[in-house]
Amino acid sequence: MASKQMLAVAAAAVALAVLLPARGAAATEHMVGDGNGWILGFDYAAWAATKQFRVGDTLVFRYKGTNHTVVEVGGADFKACNKTASANEWSSGEDRVALDKEGRRWFFCGVGDHCAKNMKLKITVLAAGAPDPGAPEAPTTASRPDGKARARVAHAAAAAAVTAAAAAMLAL
């Protein structure tokens with residue numbers, strides 16, 4: 001009976017070790033501008049350069065009511081700050097944009113001359129599991145601020161899996 005329990009523990013530990021890395025691939029909600037939100041005078045190009053956008057992620061544009069909008073256009077219209085009749089436009093103050101396909105996406109504020117004042121965002125959306133082709137080697141999970149706790153949990157799970165596997169082998 002003890003060996004059945006040990007095998008069950010070992011199987012659970014292996015399942016946990018297999019499932020934990022999959023959580024890292026979960027979709028991310030990107031608050032555009034982080035704590036600043038969608039405002040004038042912020043460098044969205046620099047902000048985007050620190051992020052990886054993947055299919056399944058969501059952009060959240062947060063701003064005060066009628067002060068701004070979010071307009072999605074093609075590349076040429078983005079460069080010219082041209083809001084076309086067919087452009088997607090949001091104005092809720094907390095606009096959520098699903099990143100549902102790979103490729104470039106272009107957004108700007110459609111209020112007054114805000115786009116001309118560089119209130120615009122260009123991103124590249126990668127496939128859900130694809131590595132970033134143009135980025136330097138990514139930092140390890142432990143070196144990212146949001147990854148330290150995740151790294152500790154993964155380390156603890158790996159240690160538990162090794163301990164359980166060793167215990168199961170000793171029980172045989």
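Lys51 is partly exposed, at 24% relative accessibility. In this predicted model, Lys51 forms a salt bridge with Asp34. The structure holds 7 salt bridges and 1 disulfide. The points below take these links by topic.

**Lys51 and Asp34**
- The closest N and O atoms of Lys51 and Asp34 are 3.6 Å apart.
- Asp34 is partly exposed, with a relative accessibility of 39%.

**Glu29 and Arg96**
- A salt bridge joins the side chains of Glu29 and Arg96, at 2.0 Å from N to O.
- This pair links distant parts of the chain: Glu29 belongs to strand S1 (residues 29-31) and Arg96 to strand S6 (residues 94-98), 67 residues apart.
- Glu29 is partly exposed at 47% relative accessibility.
- Arg96 is partly exposed at 44%.

- Arg105 pairs with Glu72 in a salt bridge, and their closest N and O atoms are 2.4 Å apart.
- Here too, distant parts of the chain are linked: Arg105 lies in strand S7 and Glu72 in strand S4 (residues 70-73), 33 residues apart.
- Arg105 is buried, at 7% relative accessibility.
- Glu72 is buried, with a relative accessible area of 13%.
- Glu72, Asp100 and Arg105 form one network, joined by salt bridges that share partners.

**The disulfide**
- Cys81 and Cys115 are joined by a disulfide, with an S to S distance of 2.0 Å.
- The bond links distant parts of the chain, 34 residues apart.
- Cys81 is in the loop between helix H3 (75-80) and strand S5 (88-90). Cys115 is in the loop between strand S7 (103-108) and strand S8 (120-126).
- The torsion about the S-S bond of Cys81 and Cys115 is about -75°, so this disulfide is left-handed.
- Cys81 is partly exposed, with a relative accessible area of 27%, whereas Cys115 is buried at 4% relative accessibility.

**Cys109**
- The closest cysteine sulfur to that of Cys109 is in Cys115, 8.3 Å away.
- Cys109 is buried, at 1% relative accessibility.

Technical notes. Residues are numbered from 1 along each chain as its sequence is written. This is a predicted model: local features need pLDDT of at least 70, side-chain atom pairs count only at pLDDT 80 or more; totals for chains, interfaces and linings use all residues. Side-chain values use heavy atoms; hydrogens and water are left out. A disulfide is a pair of cysteine sulfur atoms within 2.5 Å. Helices (H or I, at least four residues) and strands (E, at least two) are DSSP runs, numbered from the N terminus. Buried means under 20% relative accessible area, exposed over 50%, partly exposed in between (1.4 Å probe, protein chains only). A salt bridge is a side-chain nitrogen of Lys or Arg within 4 Å of a carboxyl oxygen of Asp or Glu.
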